[in-house]
Each structure stands twice: as structure tokens, then as C-alpha cells.
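Dear colleague,

I am passing on to you the structure shown below, and after it I set out what was found. Please read the notes with the structure open beside them.

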Amino acid sequence: MMDSSYTYPLMEHFYTIQGEGVHSGRAAYFLRLGGCDVGCVWCDVKESWDTLKHPETSVEQLVKFVLESGADFVVITGGEPAMYDLNTLVDALHEHHLYVAIETSGAYEVQGDLDWFCLSPKKFKMPVESAYASADEFKVVIYHPSDFQWAEDQIGKLRPDCQLLIQPEWSKTEQLLPKIIEYVKNNPKWRISLQTHKFMNIP
Ligand code: SF4
């Protein structure tokens, strides 16, 4: 029997359009869990890092938020959501036939029966081995030209059907986009992901 009083630290939650990655353009309910110890220098949600700053919120409440929105797609993000056992939350969302995705650095073993696994590796704390095998989508943020090679070095660990995306770090978009365009033209197994929600001025 599922324990719907189980809690997770919730930083924010909102219904929006998924702006990046394979599911870009799809309406999505975001559950952003607090807590992260990966420490990316360019992190744009540093206020997520301290778990204790985010209220423990029950699964029952989290599911209610999603159902009230009318969403059919849920993105569990952070922070680093894989720091928590997500089984209870994912199972509760599945009871309502919701499609559930995770966005994770892969720094921790993911616990939960996710429908979509977006692995976005970070140099600051590399993914655990199992994350590569689970990934449906491998989304690498390019912050420096050396990151292309860093991305290539990891793809041998992925499943053959995993989709490969590279995305410019937002503050470097202007500088890096021409290089990314050239890179994808020369290496067509990769696709470009852009943070389109930022162009749309939505969360
Ligand atoms: Fe920020 Fe995500 Fe890196 Fe954590 S893993 S520091 S939340 S960008």
C-alpha cells in the first residue's frame, strides 16, 4: 500500500511548457525538488541546493497539484531529484496515468519507475554507471569548447537508442551557438537543444 504521507522537499512547482530536450514544446507540470550537492559553477538554480530551505511536501499534495492543472506529463527535476527515493512519488503519479520524466545529473542511482530518463551529466560529479544504461536522452550542456569531447567520451556507455543532445549554457549561447551548429552538422548523431522556455519568457 502506497504511503501518500511520504514527503519530498519541494522548491517550486508549476505548469508550463517543457522548453528543452526531446520533449521540448510539450505541456509539462514541473516538480522541482530542493537539495543538490553537485555544485555546477554555472548552476541557474543555486537556491535549490540547501534541502532544508524547501518545505517537506506530501505525495498526496504533489499529486493534487498536478491533477488540478490538467497536465498529462510530469517532469521531476531539481536540484538533484535522484538524491531521494522517488518510488512513492512516481507510483502515485502513475496511478493517475501520468507520464513521468526525470531530469538528473545521474550523480545518484535513480530509484523509481520513470517513463523518461533525461541524463544531463555534470563534470563536477560524474554520473553513476547505471545512469548511462537507463538514459533515454543524454543532454549535455556545453559551457566550454572542450565539452564536446567530454560528451563524446561518455556516449559509449549509453544504449544505442538513447537520443543525444547538446545545449549551450544559457549565458554562453551567443558565443557557443555557431560552434554547436557546426558541430552538429559535422556529427549528425547529435541534435541541438535550446532553452526555448527562456525565449518564451516562461518558467
Ligand atoms: Fe545546479 Fe543541476 Fe548542477 Fe545541481 S546538478 S548544481 S541543480 S545545474
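Around the ligand stand Cys36, Val38, Gly39, Cys40, Cys43, Val45, Trp49 and Gly79, where a residue counts if one of its heavy atoms lies within 4 Å of the molecule. By class, this shell has six nonpolar, two polar and no charged residues (Ala, Val, Leu, Ile, Met, Phe, Trp, Tyr, Cys and Pro count as nonpolar, Asp, Glu, Lys and Arg as charged, and the others, Gly among them, as polar).

The model is a predicted one, in which local features need pLDDT of at least 70 and side-chain atom pairs pLDDT 80 or more, while totals for chains, interfaces and linings use all residues. Residues are numbered from 1 along each chain as its sequence is written, and side-chain values use heavy atoms, with hydrogens and water left out.

The structure also holds two cavities of 30 Å³ or more (on a 1 Å grid over the protein atoms alone, a cavity is a set of points where a 1.4 Å probe fits but cannot get out, and lining residues have an atom within 4 Å of a point; grid points are joined across faces, edges and corners, and a volume is the space filled by probe spheres set on the points). The largest has a volume of about 50 Å³, and of the 13 residues that line this cavity, Gln18, His23, Glu103, Trp116 and Glu137 are the closest to its centre. Its lining has seven nonpolar, three polar and three charged residues.

The second largest cavity, with a volume of about 30 Å³, is lined by Gln167, Pro168, Trp170, Thr173, Leu194, Gln195 and Phe199.

With kind regards

Terms used. On a 1 Å grid over the protein atoms alone, a cavity is a set of points where a 1.4 Å probe fits but cannot get out, and a pocket is an open set with protein on both sides within 12 Å along at least five of seven lines; lining residues have an atom within 4 Å of a point.
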